[in-house]
Amino acid sequence: MLTPSVLPAARAQTQQILASTLRTDWTQFEPMAALRCTCGVALPLVLGVATGWPSVGVFGAIGAVSVGFGSFQGAYRGRVAVMLWAAAGMAVSIVLGSLAGHSGLAATLVAALWGFASGLLVALGPAASFVGLQSAIGAIIAQGFTATTSDAFLRGLVVFGGGLVQTLLVVVVWPLRRYPAERAAVGAIYRSLASYAAGIPTLVTTPPEPNALVAARDTLSDPQPFARSTQLLAFRALVDEAERVRASLAALATQHQRLKAVGDEQRIDASATLAREVSCVLAEIGRAVEAGVDPDESPACWAAIEANAAALGEDLVASDVLRRRLHAAWRTSGVLNSNGPPPAPAARTVRTVPLLRLPPVRDAANTLRANLSLESAAFRHGVRLAVTLASTTALYHAFSLPRGYWVTLTALIVLKPEFQETFARGVGRVAGTVLGATLATVVTATLHPGHATLVLLVLACVWSGYAVFRINYAVFSICITGYVVFLMVLAGGVNQSDIVMYRIVDTALGGAAALIAYALWPTWTGAQARTLLADLIEVHARHTRLLLSALVDPSLYDPRALMTTRSAGRLARSNAEAAVDRLLSEPAGVQPIPRETAVSIIAALRRSALAALALHSVLEHQPRRTFPWLASLAVDLPTLLRDSASALREGTAPPTPAFVLKRPHDLDAGARAVFAEAELLADSAATVATVLAGHTMHTRP
């Protein structure tokens with residue numbers, strides 16, 4: 001019997017799942033990329049129909065559709081590698097699936113093996129997970145279309161050919177469209193910084209968003225193969241300047257808060273105006289980089305920045321650094337404009353890596369081997385997926401369900417490692433399938449389409465699916481259901497009304513199987529969140545030690561080491577916050593770390609990151625100034641953070657914070673700012689330890 005306290009929680013969880021299912025993000029609408037992928041699907045489909053082999057064209061389209069989704073992964077070489085691996089994996093899977101479909105036992109075994117491999121590959125990241133998923137999809141679809149050995153190999157070649165066409169369409173535009181990924185990534189950084197600067201007058205208390213910087217560095221690590229070295233260096237310089245601007249903005253934000261506390265209206269207005277003008281400059285740099293044009297000159301904007309920075313005087317020690325960084329970024333963005341002079345021939349990049357680099361096979365093998373344990377969420381997901389796919393395959397063979405492979409296929413697509421994604425995707429898949437099948441029925445009943453019209457309908461659904469698949473999964477399911485129905489009618493051999501009925505019933509069965517499997521053996525995010533939060537605390541400890549030691553003794557100032565730990569901190573924070581977001585979407589009471597504890601740690605470390613950025617700006621502005629009264633804190637604070645990380649991993653109580661930061665007498669404005677930021681660092685570390693101590697106290701038996 002449900003208790004009164006359980007009902008509100010269940011209702012809230014249901015509302016959260018429905019809200020996630022209905023959520024749309026139209027910023028992810030990509031019509032041109034969808035058109036490119038649709039052309040890749042059209043080629044094998046039209047050739048198959050034109051030559052009188054529509055079923056062969058269907059398999060070519062299947063390969064092209066699946067591999068086309070890989071074109072949304074990575075930037076350049078990485079994207080091509082993912083697509084080719086997916087094409088090869090699907091081709092092999094189609095061959096084996098076509099042969100295994102003759103026997104229920106063989107089909108069940110293949111479904112189990114491919115399901116386990118697909119689940120385990122989650123441990124290697126999104127690209128490997130995509131390849132594993134597409135390969136499993138190929139094996140399951142092929143089981144519904146048994147073939148002789150020669151026909152199976154022909155299908156595999158056709159599927160690989162369809163994937164190859166998609167890959168070639170991606171590569172062929174590289175010389176025509178210069179640096180689209182780099183421009184988008186770097187532009188996103190400056191738009192993010194502009195948004196942060198605009199929020200400073202409203203007393204923003206969080207550090208600038210790190211995700212755009214992480215994404216940009218990933219993009220620049222996979223550069224345009226036909227890029228010129230001068231352009232690549234300019235993109236990298238813009239990212240480096242963004243790092244420095246980010247630190248100066250954090251210093252401006254904390255200083256603005258202190259001015260508000262003091263009540264100095266004149267300087268408050270100056271810092272607020274400075275932040276708004278800086279926001280305009282950053283937004284213009286982002287626009288110019290994305291559009292490939294010179295930034296619009298705005299003397300009034302620059303004059304306002306100079307005047308308000310001067311009005312702040314010593315109250316903003318990083319103002320001079322901020323102005324210099326903005327000017328440098330402004331000039332560098334002009335190097336990238338489309339109307340600028342071409343670089344000298346000698347400046348072209350010498351390709352030192354092949355177009356397709358072999359993946360780090362040894363590292364991947366070691367990672368997979370390390371995950372062969374029930375302690376691994378990826379391993380548990382692989383086992384759960386294997387059992388689910390084997391069960392659904394055995395059942396549809398035992399009961400001779402028409403198009404029963406759709407049951408297994410739906411279970412594969414719906415069942416994910418995360419609770420929220422599994423249940424939201426399950427609801428969206430079933431609802432989208434019903435609507436898509438209904439619409440397909442109405443269209444075919446009205447048009448009575450022939451082969452040519454069916455091809456157009458298939459391509460229309462394919463384009464729509466590519467364009468919206470990152471916007472909303474339910475809408476994507478509507479499009480993909482229409483694609484499947486029209487494609488099956490084009491292949492022949494089955495009545496359209498039967499296809500619609502089978503599709504709805506089998507999708508409902510597969511979705512239910514996936515949800516039941518997750519409910520019976522869930523993989524909660526809590527354990528992963530603990531590890532990622534501990535990683536984040538440890539990175540903060542390393543960065544804080546380097547930062548405070550350099551403020552105590554300038555000879556220890558190592559800009560490269562600080563940049564390395566700051567980059568590691570951004571990545572760790574991004575990973576930890578994503579895990580905590582997933583944690584918040586799971587039912588209350590199932591996590592090994594309470595939601596409140598995880599959120600409190602994230603909040604404390606955000607405050608710590610803001611203070612660290614401000615202190616880093618001080619180091620850049622005055623790298624030789626010493627603050628000897630920070631010496632004890634430079635030792636005690638990193639130690640407390642490391643002990644807190646160990647306590648979080650082991651589930652033990654961290655030590656009680658024992659350090660006290662005493663304020664020296666006769667501090668000037670710069671030293672007072674440093675003391676305030678150091679005090680914030682100390683308070684944040686103490687908060688982490690206190691929160692963990694409270695969590696441990698409440699969870700002890």
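Me: What makes a residue part of the lining of the largest cavity, and which residues lie nearest its centre?

Reply: A cavity is a set of points on a 1 Å grid over the protein atoms alone where a 1.4 Å probe fits but cannot get out, and a residue counts as lining if it has an atom within 4 Å of a point. In this predicted model, local features need pLDDT of at least 70 and side-chain atom pairs count only at pLDDT 80 or more, while totals for chains, interfaces and linings use all residues. Residues are numbered from 1 along each chain as its sequence is written, and side-chain values use heavy atoms, with hydrogens and water left out. The largest cavity is lined by 18 residues, with His540, Arg566, Gly569, Arg570 and Ala609 nearest its centre. Two or more lining residues come from each of helix 21 (526–552), helix 22 (559–584) and helix 23 (595–621), helices being DSSP runs (H or I) of at least four residues, numbered from the N terminus.

Me: Why is the pair of Trp302 and Trp330 called edge-to-face?

Reply: Rings of Phe, Tyr and Trp (its six-membered ring) pair if their centres lie within 6.5 Å, and planes under 30 degrees apart count as stacked, over 60 as edge-to-face and the rest as tilted. The centres of Trp302 and Trp330 are 5.3 Å apart and their planes stand at 80°, so the pair is edge-to-face. It links distant parts of the chain, with Trp302 in helix 12 (residues 299–312) and Trp330 in helix 13 (residues 319–335), 28 residues apart.

Me: How do you know that Arg425 lies over the face of Tyr473?

Reply: The rule asks that NZ of Lys or CZ of Arg be within 6 Å of the ring centre and within 35 degrees of the ring normal. Arg425 is 4.2 Å from the ring centre of Tyr473, and the charged end of Arg503 sits over the ring of Trp406 at 5.2 Å from its centre. Tyr473 also belongs to a cluster that ring pairs form with Phe69, Phe72, Tyr466, Phe469 and Phe476.

Me: Why does Cys280 count as partly exposed?

Reply: Buried means under 20% relative accessible area, exposed over 50% and partly exposed in between (1.4 Å probe, protein chains only). Cys280 has 47% relative accessibility, so it falls in the in-between class. Cys461 has 15% and therefore counts as buried.

Note on methods:
On a 1 Å grid over the protein atoms alone, a cavity is a set of points where a 1.4 Å probe fits but cannot get out, and a pocket is an open set with protein on both sides within 12 Å along at least five of seven lines; lining residues have an atom within 4 Å of a point.
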